[in-house]
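Please read the points below alongside the sequence and the model.

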Amino acid sequence: MDMVVAHELVKVFPTTEGAEKRAVDALSFAVGRGRIYGLLGPNGAGKTTTLRILAGLMSPTSGSATIAGHDVSTAPGEVKRMLGFLTANTGLYQRLTARELLIYFARLHGMEPARAARRAEELVDRLNIAEFAGLRCGALSTGQKQRVNVARALVGDPPILIMDEPTLGLDVFSNRIINDFIKRQREAGKAVILSTHYLDEAEEMCDTIGLLHEGRLVAQGDLASLRAQSGEHRLSNIFLKLIERSEDAEAAVK
Amino acid sequence: MRAQSRIGTVYVKELTDILRDRRTLIAMVVVPIVLYPLLMLGSIQAVTYQAERLEDEEIIVGVVGTAQSKLLQWLVEWDDDALKRERMRLGPDSGEAARLPTSLVDRIKIHDFANRDLLEEMIRARHLHAGIAFKDDAFVRAADGQNLVEILADREVVRSQAAEGYIRNMIDRITERLVKDRKRQSQLPVNFDRPFNVQVTDLSSPSSILGQILPLILVLMTITGAIYPAIDLTAGERERGTLESLMSSPVPVFDLIVGKFLVVTTVALMGATLNLVSVSATVYVGGFDKVIADTGGAIPVGGMVLILLCLIPFAILMSGIMIAVCSCARTFKEAQNYVTPVIVAVLIPGGIAALPATRLEGLMLVMPVGNMVLLARDLLLGADVSWWHVLMVVLSTTLYAGAAVAVATSMFGRESVVFADAASWKTVLSRRLFKQSAQPTVSMGLIIVALLFPTWFFVQSILSPGREESAAGLLFNTAWLMPVLFVLLPAAALRYWKVDLRNALALRTVSGRYMAAAVLIGISAWIPIHEFSVAQLGLFGTPRALEQSSEMIAETLAALPVISVLLVIAVIPALCEELLFRGLLLQSLRTSTHKWPAILISSAVFAVFHFWLFRFVITALLGLVLAYICWQSRSIIPSLTIHLLHNGIGALTIVYPGWHRWLGLEQSTENTPFPIHVVITGVGLSVIGLFMAMRSKPASAPHLTPAAENGAPAAEAG
């Protein structure tokens, strides 16, 4: 069974001027267990909006999406229980220590105090947080913060992970820790959706890549099929080629 | 995890977080602990210092002409002499001698001027402290034994005012001595000119200026205490980017908001308590109670505790308002901008209440903030506060607080607030952006009811007839105002929010079983209610005002045609109240509250709307039954039937007071219970009706599209 299914998702933002902005336009894709799906696209392509709809934080204007079989519009509570959501610019509570923060989110996921503390220690071990787990989050470096954030997203041990540019602005060391961790999650059978700017990262990590441009999916497939479709080898060239082609097609239709 | 546990988790975390913030600690702990003693010490020392300095300063006085200058000089010396003699008589070192006023002889400096204009000019130019003009240059006129002394002073100048006082006191002392001498010479008794001497003993508990302004200060401190955490926990959370991860965890928005709201309330109360403790400590430990007592009494320590208790519902209200306002804000700065006008709006009723002439009655009973300030003041000054006034204040404050928290729930976590960077209020309020929804949300229901409550109270106060007037105006105006306020306006608001009216007002057909239950309860409920009423009368008696008003209304009704009585007593109130309380309110509660809390809340609000707190319990009981059957059947038709029949029987009693005889009963009065078999029949029928409603399979929900997930009106913005 596909863990994440998006079907004809549309998100229209009304603006005060009366014009509407279609941030996501008829988007369909599916992600199965043990797979990493990469959502790639330039700024403003609709990646973040898509991920927020999948996480049950925004409701779609039309279309539907299910997370482990739960509809995001009608069962946002179940959806939130099933997934870990992470964004690049997520803040942490400055005045809590990393450990307190993890315990807090574990409690919000319904764990009893003792279990929440155990779960927090597990994550502290796995993401090499131990040396700064007792420090307040306000005092952590960007890389340390992002590791705590990843741990926070995983606290409920969800079968699905949605990660919006998890390595944005990180140093090589933190980058490596987080990417290795995500790969281990795939091996553990989780479904991962990853959005990123770094094309080589996408090449390395993703099983399937979806190219998003102006809210629409321009192309979708594994790296080999994208190479075949575009006749290019490097992902960045594939990317540019396919977007160019889709714009040409659009112009032709008009 | 249970909701309480989730709310508890949020509460503990947020409280830890906010208490670790240095800014909270400074605002909450350091400021009150340091500020009050400093302020009080500073101001008292400044006042004392200034007074001491004034006492030692020269008094420069002007007169017109040498003769007047000589007269004044002579009077000053004469007074000095008299004071010296008095001091000798008392013994120079005795305490009484120390309390004698000081003579002006060493301090007064007399200048004489050519004319009155010059003298006045010098006083205005502040070269002189005061001027004196005697009508006669001689001591007193022989003809009537009096001299007119005019003191010229500029009362806006402290020194001038002081000089006026010194001179007046001196003249008074001299006058007193002269009168004494004159009585002795004429051999008149000492109290010849004062046959009665009036003394007033004040039996009220000591009050003071502090007692008048302290409630306002504390109210202000409670508000101030709520502002920072309210902003930090809502707009601050969003600004720091933690809101998105919080919203992505599986916790209902309601639980988050309640947890946060409780933290704000706690911090506000902690702040108010610390302020109160600091003020009390400064006053009592710092020894200022005597200083304050000199200027008009002190505050009993017990009063302080009472105020603190009063502050609890108030802190709840303010925290609710602050959380609601700040939930609409996207940034700290935006939240601060919203908070300022709210504080002003809150201070206006607070300020009105602080006026000495304002009393806790009429509209002030339900005026938000104002009622709390007044209650605190009355309790503090030991005024006689009736228990139902206290109840009214607490209940209305709780109602407003509930509405505020409901608004906060609907605003907090809304897409446009969580994600939009530049969304304006237009996107929040614009009807175009609302989604169609089948059910009203709790916030819609509570907002409408909270706005209606003071309006309805005000309308009823205006309409209530005077002593000699008939109740016809009240009845007639209620008959058209009730449909407008209870039905038309809420329906218009629901239309604006694009809520389906049939669903929102529970206008659905029901099975025959519910109707049979409704008819049984409707025709029998008046019997247990009568019994209850008799029991309550026996226990408490009837308030005279209620008795009078009921009699007046009954008299007016008896003169009306039957159809009008039915309309005014049964049809209109039943329809309007069912549509508002069992329709809008109960249906809105249904969307996010469990069965019994929803039923209890709606019946309590129903009872509060009837104002006569004496009937509170009876009305609330009736409300419980009506809400229960409405909840079970998902329709207001059964509860409407009960209400119509019940009120119809009331109308019948007014039109044909003797109708009970048809049932084989003696004419009953309000004070006599019915025979036991009637009671058993009545209670029995009602219980069977309730049992039928209970056993009926709860009507399944009609196909509903839930109102927007985070609470409508749902607006989205990019």
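**Notes on the predicted model**

1. Thr398(B) counts as partly exposed because 16 C-beta neighbours lie inside 10 Å of this residue. In this predicted model, Thr398(B) belongs to helix α14 of chain B, which covers residues 387-411.

2. Overall confidence deserves mention. The predictor assigns the complex an ipTM of 0.88 and a pTM of 0.66. For chain B the mean pLDDT is 80, with 86% of its residues at 70 or more. Within chain B, however, the pLDDT is below 50 over residues 702-718, a stretch that has 56 contacts in the model beyond near neighbours in sequence. Where pLDDT is low, predicted coordinates should not be read in detail.

3. Two backbone angles should be noted. Most residues other than glycine have a negative phi. Glu214(A), which is not a glycine, has a positive phi of about 50°. Glu214(A) sits in the chain A loop between β9 (208-213) and β10 (216-221). With 18 C-beta neighbours inside 10 Å, Glu214(A) counts as partly exposed.

4. Gln187(B) likewise has a positive phi, near 55°, and is a residue other than glycine. Gln187(B) is placed in the loop of chain B between α6 (158-185) and α7 (209-239). Is Gln187(B) buried or exposed? Gln187(B) counts as exposed, since 7 C-beta neighbours lie inside 10 Å, and the cut-off for exposed is 12 or fewer.

Note on methods. Residues are numbered from 1 along each chain as its sequence is written. Chains are lettered from A and ligands numbered from 1 in the order in which they are written. This is a predicted model: local features need pLDDT of at least 70, side-chain atom pairs count only at pLDDT 80 or more; totals for chains, interfaces and linings use all residues. Helices (H or I, at least four residues) and strands (E, at least two) are DSSP runs, numbered from the N terminus. A residue is buried if 20 or more other C-beta atoms lie within 10 Å of its own, exposed if 12 or fewer, and partly exposed in between; C-beta atoms are placed from the backbone. pLDDT is the predictor's confidence in each residue, from 0 to 100. Two residues are in contact if their C-beta atoms, placed from the backbone, lie within 7 Å.
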